[in-house]
Amino acid sequence: MRIPRRAVALAAVLATVLPLSACSGGADEGSSDASGAIKGKITFQTWNLQANFKDYFNGVIKDFEKKYPDAKVQWIDRPAEGYADKLSADAAGDTLPDVVNVSPDLVTPLAKAGLALDLDKDKTAAAFREEYLPGAWQSHQIPGMDGTYGFPWYLNTGPMFYNKRLFENAGLDPEKPPTTYDQVFDDGLKLAEQSDGKIATLAQVPTIEDFGRYGVELMNGDGTGFAFNDAKGVEMLTRYKELFDKKALDPQALTATPESSGTKFLTESVAMNPGSALDLENFKKKAPTLYKNIGITDQVTSTGKANMYVMGVMVNAKTKQKPAAVAFAHFVTDATRQMSFAKQVAIFPSTKGSLDDPYFTEEDGSDETRVRVAAAKSLKTAVNYTPVVFSEQMKTELRNQVAKALQGKVSPQEALDRAVEACDRLLKQS
């Protein structure tokens, strides 16, 4: 797994509902507690990490085995392509490793099949809960189910870039960029008007994360159905259509990708775009004029909380070495290991207090620290807005209906009603 930048979209790239019909459902079939001697051989599976981080993980395993001489860890690394299918095959064949690198969407079907250890139910695992940021711990909780089914590992997020020159040309304060959706909508219309429709503010249509950050209730209380077609959801999509009609939303947004949106921002035809330190370096080399006018602000949110992407570590509920498996899953994700990993690659630790380290709070004038400090600040209260049960098919359904609403083929209410109906149907099939 290429963690920089692509980690932000891991769930979007590989998410799928695992067909676990061959597995028995229900609760953890092993003992209810992982206390006891930490010994025996366990398997640890990661997601395309060996190529770039072989020395790091070998070091982690060596340190764990030194601390627990009676325990041995066999490291297995799987390629990114087909990772979800491999999990499905392992689950169906009862060959799932003891400790598994998962994202929240991938742990969901495993938990429903009784294959993911409920950390809240296990006294030993539950004792570690206070070591992690609340939002990170909650990211592996599943609507409609009690419990937490994975240790939070690393986090990722990114600030919002904006073009100060474009804001100033439109008569807007370049030092006070919009931070809420209402402000984006208002400033976007002004930017489009002042530029005769040549400058859009955004280059992508709203996703489920945008609805979440706008304050829309995404699912009903018991997690059995979606609810983003409520009045607030319709209000948001209506405002997006207004942007689209006035060319404040890029005309090509209906088919845009993160890469194409980045190009739009690079060529200064879009005023705002999310990004990372890697983008800043790109701007510096390819668009020095843009680079001189780059502003960095928090993610746009009307809830006061940014969105974060989470990677986790799951313990196989059927492991025969539960004490060792839980101990190792915690060891990999504890503050010491997470801080060490974060200094090797552009990710952020999910452990409490880690984001207060000078590495995440002090700038040295470089692009890398400018972005890192801004992102780390937002992560302290960030949440994972994407419901863990929101599959790739559901994302496609939402995107298609949003496109129809923006084009005026259906009303915003009808579009979201159809999207919710389709997503509810897919949810029942999972």
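The model is predicted, so local features are taken only at pLDDT of at least 70 and side-chain atom pairs only at pLDDT 80 or more, while totals for chains, interfaces and linings use all residues. Residues are numbered from 1 along each chain as its sequence is written, and side-chain values use heavy atoms, with hydrogens and water left out.

Let us start with the strands. Helices (H or I, at least four residues) and strands (E, at least two) are DSSP runs numbered from the N terminus, and two strands pair if DSSP finds at least two bridges between them. Strand 1 covers residues 40–47 and strand 2 covers residues 71–78; the two run parallel and are joined by eight bridges. Strand 1 is mostly covered, with six of its eight residues buried; here buried means under 20% relative accessible area, exposed means over 50%, and partly exposed lies in between (1.4 Å probe, protein chains only).

Further along there is an open sheet of three strands in the order 6-5-7, with antiparallel pairing. Its edges are strand 6 (272–274) and strand 7 (294–297), each of which pairs on one side only. Neighbouring strands of this sheet are turned by 30° against each other on average, direction ignored. Axes here are lines fitted to C-alpha atoms, for helices over the stretch in contact, and angles run from 0 to 180 degrees between N-to-C directions. Strand 5 (residues 160–163) pairs with strand 7 over four bridges in the antiparallel sense, and M160 faces T297 in strand 7.

Now to the helices. Helix 4 (residues 104–112) is mostly covered, as eight of its nine residues are buried. The buried ones include P104, L106, V107 and L110, and D105 and T108 are also on the list. Just after helix 4, G114 takes a positive phi of about 75°.

How do helix 14 and helix 15 lie relative to each other? The axes of helix 14 (residues 322–333) and helix 15 (residues 335–342) come within 5 Å and cross at roughly 45°. The two helices are therefore oblique to each other; angles under 35 degrees count as roughly parallel, over 145 as roughly antiparallel, 65 to 115 as roughly perpendicular, and the rest as oblique. Their contact (heavy atoms within 4.5 Å) is made by F331, V332 and T333 of helix 14 and A335, R337 and Q338 of helix 15.

Rings of Phe, Tyr and Trp (its six-membered ring) pair if their centres lie within 6.5 Å; planes under 30 degrees apart count as stacked, over 60 as edge-to-face, and the rest as tilted. By this rule there are 32 aromatic pairs. In one of them, the rings of F64 and F328 have centres 5.0 Å apart and planes at 80°, so the pair is edge-to-face. This pair links distant parts of the chain: F64 is in helix 2 (residues 50–67) and F328 is in helix 14, 264 residues apart. F64 counts as buried at 0% relative accessibility, and F328 likewise counts as buried at 0%. Ring pairs also link F64 and F328 into a cluster, whose members include F44, F57, W75, W153 and F331.

F185 and Y240 form another edge-to-face pair, at 5.5 Å centre to centre and 80° between the planes. F185 lies in helix 8 (residues 181–194) and Y240 in helix 10 (residues 231–245), so the pair ties together parts that are 55 residues apart in sequence. F185 is buried, with a relative accessible area of 0%, and Y240 is buried at 2%.

Finally, some single residues. D94 has a positive phi of about 60° although it is not a glycine; D94 sits in the loop between helix 3 (83–92) and strand 3 (99–102) and counts as exposed at 58% relative accessibility. E268 is not a glycine either, yet has a positive phi of about 65°. E268 is found in the loop between helix 11 (258–266) and strand 6, and is buried, with a relative accessible area of 16%. K377, in helix 17 (residues 367–379), counts as exposed at 63% relative accessibility.
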